[in-house]
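Subject: Structure handover

Hello,

The structure is below, with the findings after it. Please load it before reading on.

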Amino acid sequence: MSKIIEVKNLVKKFKDFVAVDDVSFSVEKGQIFAFLGPNGAGKTTTIKMLTTLLDPTSGSIMLNGFDVMVNPNETRKSFGIIFQDPSLDTELTAFENMEFHAVLYGLGRKTMDDRIKELMELVELWDRKDELVKNFSGGMKRRLEIARGLLHHPAVLFMDEPTLGLDPQTRNHMWSYIKNLNEKEQITVFVTTHYIEEAEKVADRVAIIDHGKIVMQGTTTELKEATKTDNLEGAFLALTGRSIRPQDAGNDAMRLGARMWRR
Amino acid sequence: MHYANVIYILWIRQLKRYLRSRARLVSSVAQPLLFLVALGFGFGPIYAKAGGGDYITFLAPGIIAMSMLFTSMFGGIEVIWDKQFGFLKETLVAPVPRVVIMLGRTVGGATVAMVQGLVIFLVTLVVGFRPEITPALLFAPLVMFLMCMLFTALGTAIASRLNDMQAFPLVMNFLVMPMFFLSGALFPVDQLPRALAIAVRLNPVSYGVDGMRATLINVNHFGLSVDILALALTASVVIVIGALLFNKIEA
Ligand SMILES: Nc1ncnc2c1ncn2[C@@H]1O[C@H](COP(=O)(O)OP(=O)(O)OP(=O)(O)O)[C@@H](O)[C@H]1O
Ligand SMILES: [Mg+2]
């Protein structure tokens, strides 16, 4: 198998604060790779550097054979992303948002129409396709973001907490769709999530990051064995401690995550 | 073909957003109308007494230019809104060179501003403005287009470096307002004190205003060809700078 993502000694500093601290890892083509860590660990920052949205302070990133810093345009042709933060145009309708994305990614008219319908049905928004997004509920917006992110089939799909705030039905639909894409089209999936049991179910490999550093990586089984725990959540807690992170107060993920750790 | 489609979808997006925002439509007509009525009828008698002729005729092209200036700067600065609402990310990771994205946005914003200029032109007709029908009139759309491209690109360039909406009033008060007042939109620039005359000459808005006057009422200060050349040149430079800055946006 070949490496489709290769990150070496990646560092990102915001002024004096080191958000990503000498991170190295690689992902094999066709894998589902889970990138887990407490709030503020540096997951989103890492993804932003991998997807050309942020320039690293130092280090190197190869994605689908392209050096991300040297060749951002080719890199952008290689991935798709579902962002953690909102990224819809709320003044447009749901359908217009989908269409906009399809045109940006150069899908042909037929593929465009078929996939938009298929995906909007998957997330149960097809009958509301002509409504302005600003009138959608939080969960509906999230579902639209996911449908949009799956419109084109890239080599690597980044998903930054895709299932946050989604009902279990939609989560299941989404994951079976992604599993299918992953198997049929060999799409590599890079996912972050605070639903650790979700990661345990789908991930071929897991990396755990805390305070900007990767504390351990391997298969789920390897992580459980190394920490002598019997599920991934146990391993996660053993590796990252039980204290609640102070960062990002006010963020949904924080509240949700905090609730999870307090158990 | 792909890039052309991308430019088209960005263009149509700007138009949809403009047409859907009632508040923006209303206020974008109300403000120039207020200027026309208050200044036009307020200063009209004095202007006539000083031997200037009909003030509304002089003022109308300036007010059309003003509304295009405001609308296109606003259209460019909308990049900050898109940053804050997150939509910008969607376009920044797209498999299209960012210069294409920047151009699509700029053409879209400029079109909106041109439509706006046309609407205000109709308003001036209602208030009593009568353009001179001369061959120069044929160049009005070109002057409008260049002016709108220039200031949409300028707004985009500035917004590329800014991160929050708080900066918006700053840009309005310290850049757009001075450019507007020092453009000759409201007064003739023939007999100004030296310092002011230099400021007017360095201000790109002056050439837009002068171009509008040259085409609509066949009166001008710099000459229509100078206006068009100055606008085209500044627009090109600003578009290039805007594209470079847009290319460096981090999100
Ligand atoms: N633009 C920025 N300027 C300054 N600090 C930043 C910036 N972006 C992120 N940070 C900081 O970097 C750290 C890592 O943030 P990041 O968003 O990568 O965390 P995360 O692992 O995605 O967390 P979460 O699970 O809450 O999404 C945080 O402490 C955050 O405050
Ligand atoms: Mg995050």
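A search of the whole structure, which is a predicted model, finds 21 salt bridges over all chains. A salt bridge here is a side-chain nitrogen of Lys or Arg within 4 Å of a carboxyl oxygen of Asp or Glu. Side chains of opposite charge can pair when their charged atoms come close. One of the salt bridges joins Asp113(A) to Arg109(A), with the closest N and O atoms 3.1 Å apart. Asp113(A) and Arg109(A) are four residues apart in helix α4 (residues 109-122) of chain A, so about one helical turn separates them. Helices (H or I, at least four residues) and strands (E, at least two) are DSSP runs, numbered from the N terminus.

On conventions: residues are numbered from 1 along each chain as its sequence is written, and chains are lettered from A and ligands numbered from 1 in the order in which they are written. Because the model is predicted, local features need pLDDT of at least 70 and side-chain atom pairs count only at pLDDT 80 or more, while totals for chains, interfaces and linings use all residues; side-chain values use heavy atoms, with hydrogens and water left out.

Chain A against chain B

The contact (heavy atoms within 4.5 Å) takes 31 residues from chain A and 26 residues from chain B. About 2600 Å² is buried between the two chains, and carbon and sulfur atoms give 59% of it. Buried area is the accessible area (1.4 Å probe) that two parts lose on being put together, summed over both. Leu53(A), Phe100(A) and Leu104(A) supply 27% of the area that chain A buries against chain B, more than any other three residues.

Five salt bridges are found across the interface of chain A and chain B. Among them is Asp89(A) with Arg13(B), where the closest N and O atoms are 2.5 Å apart.

On the side of chain A that touches chain B, the elements giving two or more residues are α2 (72-76), β6 (79-82) and α3 (94-104) of chain A. α3(A) gives the most, with six residues. By class, that side of chain A divides into 13 nonpolar, eight polar and ten charged residues. Ala, Val, Leu, Ile, Met, Phe, Trp, Tyr, Cys and Pro count as nonpolar, Asp, Glu, Lys and Arg as charged, and the others, Gly among them, as polar.

Domains of chain A

The domain assignment, which is automatic or from a database, gives domain 1 (3-78 + 154-257) and domain 2 (86-153). Their C-alpha centres lie 24 Å apart. In domain 1, 18 residues are in contact with twelve residues of domain 2. The area buried between the two domains is about 1200 Å², with 64% from carbon and sulfur atoms. Pro154(A), His173(A) and Tyr177(A) lose the most area on the domain 1 side, together 42% of what that side buries.

Between the domains there are zero salt bridges and three residue pairs in polar contact. β7 (156-160) and α6 (168-185) of chain A are the elements that give two or more residues to the domain 1 side. The largest share, seven residues, comes from α6(A).

Ligand 1

Of the 16 residues around ligand 1 (a heavy atom within 4 Å), Asn39(A), Gly40(A), Lys43(A), Thr44(A) and Thr45(A) come nearest. A polar side-chain atom of Asn39(A) lies 2.8 Å from an oxygen atom of the ligand. For Ala41(A), a polar backbone atom is 3.2 Å from an oxygen atom of ligand 1.

Regards

Conventions. A polar contact is a pair of N or O atoms within 3.5 Å; within protein, one must be able to donate a hydrogen and the other to accept it, and residues adjacent in sequence count only if both atoms are side-chain atoms.
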